[in-house]
Each structure stands twice: as structure tokens, then as C-alpha cells.
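Colleague: I have a structure to go through with you. Could we take it one site at a time?

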Amino acid sequence: MPSKILITGTAGFIGFHLVHKLVQQDYEITGLDNINDYYDVNLKYGRLTESGIQKDRIRDGGYVTSDTFENYRFIMMDLENKNGMRSVFEEGKFDYVVHLAAQAGVRYSLVNPHAYINSNITGFLNILEGCRHNPVKHLIYASSSSVYGANTKMPFSTSHNVDHPVSLYAATKKANELMAHTYSSLYGIPATGLRFFTVYGPWGRPDMALFLFIKAISEGKAIDVYNNGEMQRDFTYIDDIIGGVERLIPKPPQPDPDWNGADPNPETSYAPYKLFNIGNNNPVKLMTFIQTIENALGKKAELNMLPMQPGDVPVTYADVNGLMEAVDFKPDTPIEKGVARFVDWYRSYYEE
């Protein structure tokens, strides 16, 4: 029998790509998303259509089977829907859960903080309760590089303390890690948290820098460059993110026999719990990133230099040694290749 897997956030960027990867394998996939209006819902419906889920068939709380992939079905639901999520787990009898759905965005958390508590805390609690009462072989959930907050020691390592977040979004992601550890410890749920680093690629989110920059440059508008361009990001191409997730699904964490409460290592535990960074391990200066976009578009950008925004961090840089040791995989797509692929998709989707 095929393994059953629940993937949340499948109208979103990473979830969409993960579905397209895993439908080729021996999985029976249930996708879940609430298709909220944090950004353009037409892009979300576009991703679903690309996955064989037609917009006119989607109903809140009802399952839709893909026209393209016979082993993929979709349900529209809020994570905060306690009874609905309970039913999804009871009916689905999942072997694995990959939880990617969340209220994203650092700056948006400054203006709508309640959305982050509802989705990222209450919603995640419903995921954990589902795994508790309907035991799974492995829960993988999306954390974020934002949890490193005010840390300045580079590269960021999962063995570092992360108790100084600088945005509510980051605080909710750190809370997810703590909640997952609690359920792993109490109920033996094998749980792996993945700290994603600045993910980009085709079908990407329109609130992210690459999308915003290409849209503005293409339309002859100035782009906002924060911290006067003195930023560095560990830009990670979507295929590398999916490659890491795919390899980790069948490898649930084991308790660490060397874990010591007198000198606790944050990345492992006496419980079946683990944390990994997934990043390109190669921070790129923002101005270099902009130049790469200009080269791909064949058009110069007009720059609007601005100060650092609240909640932002100046540098992200991932230590991925743990990922390499666990699954012999290291993200390595150069930004020139990744940006060019995004530009090709953007032009085909929006301009043609």
C-alpha cells in the first residue's frame, strides 16, 4: 500500500513544489490550504490549477481529486478549525505529515500580529494534536531562519541558542520548535523542524524580494532597497529545499543517547526530535543579487535606498553540516541559474 502523507500549504510556494515532486513517488497525498488573501489568491489558484485542482470545484471542507495526479487530493480548510482538522487526521490515517502552512512574512507581523497567533500557534497545535491522536511515523514542519534573530555568530547553526527573535513571526516559529519538542517528549512523536533560508524560484511568493524586484524593474519602477543595500541573504533555490525535505521524510529522528541535560544541545534531544537548516551555505550581498536580476532581465534597476526595517536582520548564513550528515545532501544551486529560471517563469506566467 502507498504511504499516506498530509502536506499543508499546498496552494503555497513550497507546498506546491513538494506535491509535484512526491506525486512521482509511492505516496497517496492529501493537500490542505485555506487559500487566504495574504497575497494574490489568483497565484494560489494558479498553483492549484497547475496541480490539477480546478478552482470551480473547491469548496470549504470538501475534498477535490486532482485531474492530473490520481494520487493527489486537496481540501480547503483553516488550520485553526479544530474539529475540521481532527476529522482530516481521523479520516486520513496518515503515515507522514509535512506541515508547511503558516502565516508568513516578517513585516506583515508588525501590522497584523493576531494572524500569526491564530495560524502559527493555534494551527500548529491542531497539527500536533492530530499527530498525537492519530500516530504518524514522522512529522516534518517548517521553521525559519528568522529564529536566529539578533544572533551574529556566523554561520547560523542549529546548535546555537535562538532566544532573541526580532519579529513576532520569528517568535511563532521558535514557539513551533518548542511545541514540537514537547509533543515529541510527551507522546513520542518523531518531529523534525526545518529552518528554511530565503527560498526563491518559479511560482514564488509575490511578497518576497525577488518577485518584487523583477515586477518593479519590468514595469520601470524603482525598487526599495533596505538597509541601504547592506544586507546579505542565504538565497536558497526551491529545488534544493524540496530535495532536502524529500530525503528527510522517510528518516524520522531518533533519540540522541549522548544528549546531556547539564549541557543541552538545542538541535537534538532525548526525545525523537531534530532540527536542520536548509540553506545555500553561501550568503549573497543584496546589491550582487540585484545585479544578477538586472543581468537576467537585461534591464537596469532604479534604486530607492531605505533604512533597515523593524524585524529585519542584516545577514543570514546557514550551517548545513547536519543536513549533509543526515541525508548526504547540500543545497548548491547558484543564484545566476536560479534567478534566470525565475525570470523565465515570470515572463511566461505574467507577460505572455
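Colleague: Which residues does T316 touch, not counting residues up to four places away in sequence?

Modeller: This is a predicted model. In it, T316 touches S145, F156, F197, T198, Q232, R233, D234 and P283, with residues up to four places away in sequence left out of the count.

Colleague: Which backbone atom does the side chain of T316 reach?

Modeller: The side chain of T316 reaches the backbone nitrogen of D234, at 3.0 Å.

Colleague: And is T316 buried or exposed?

Modeller: T316 is buried, because its relative accessible area is 3% and the cut-off for buried is under 20%.

Colleague: Where is the place of T316?

Modeller: T316 is in the loop that runs between β14 (303-305) and α9 (321-327).

Colleague: Let us change topic to the backbone. What is the peptide bond from M154 to P155, cis or trans?

Modeller: That bond from M154 to P155 is cis, and its omega is near -10 degrees. P155 lies in the loop between β6 (138-144) and α5 (168-187). As background, most peptide bonds are trans.

Colleague: What about phi of K93, positive or negative?

Modeller: Phi of K93 is positive, near 50 degrees, and K93 is a residue other than glycine. In general, most residues other than glycine have a negative phi.

Colleague: Where does K93 lie, and is K93 buried or exposed?

Modeller: K93 lies in the loop between α3 and β5 (96-99). K93 is exposed, because its relative accessible area of 58% is over the 50% cut-off.

Colleague: What is phi of N228?

Modeller: Phi of N228 is near 55 degrees, a positive value, again in a residue other than glycine. N228 lies in the loop between β9 (223-225) and β10 (232-233). With a relative accessible area of 45%, N228 is partly exposed.

Colleague: Now the helices. At what angle do α3 and α4 pack?

Modeller: Helix α3 (residues 82-92) and helix α4 (residues 113-133) pack at about 35 degrees, and their axes are 9 Å apart.

Colleague: Is the crossing of α3 and α4 left-handed or right-handed?

Modeller: The crossing of α3 and α4 is right-handed.

Colleague: Which residues meet there, in α3 and in α4?

Modeller: From α3, K82, M85 and F89 meet N126, I127, G130 and C131 of α4. By class, the contact of α3 with α4 has 4 nonpolar, 2 polar and 1 charged residues.

How values were computed
Residues numbered from 1 in each chain as written. Predicted model: local features only at pLDDT ≥ 70, side-chain atom pairs only at ≥ 80, totals over all residues. Heavy atoms only, no water. Axes fitted to C-alpha atoms, helices over the stretch in contact; angles between N-to-C directions. Helix = DSSP H or I, 4+ residues; strand = E, 2+ residues; numbered from the N terminus. Left-handed = near helix turned anticlockwise from the far one by under 90°. Contact = heavy atoms within 4.5 Å. Nonpolar A, V, L, I, M, F, W, Y, C, P; charged D, E, K, R; others polar. Buried < 20%, exposed > 50% of the residue type's maximum accessible area, 1.4 Å probe, protein only. Polar contact = N/O pair within 3.5 Å; in protein donor to acceptor, adjacent residues only side chain to side chain.
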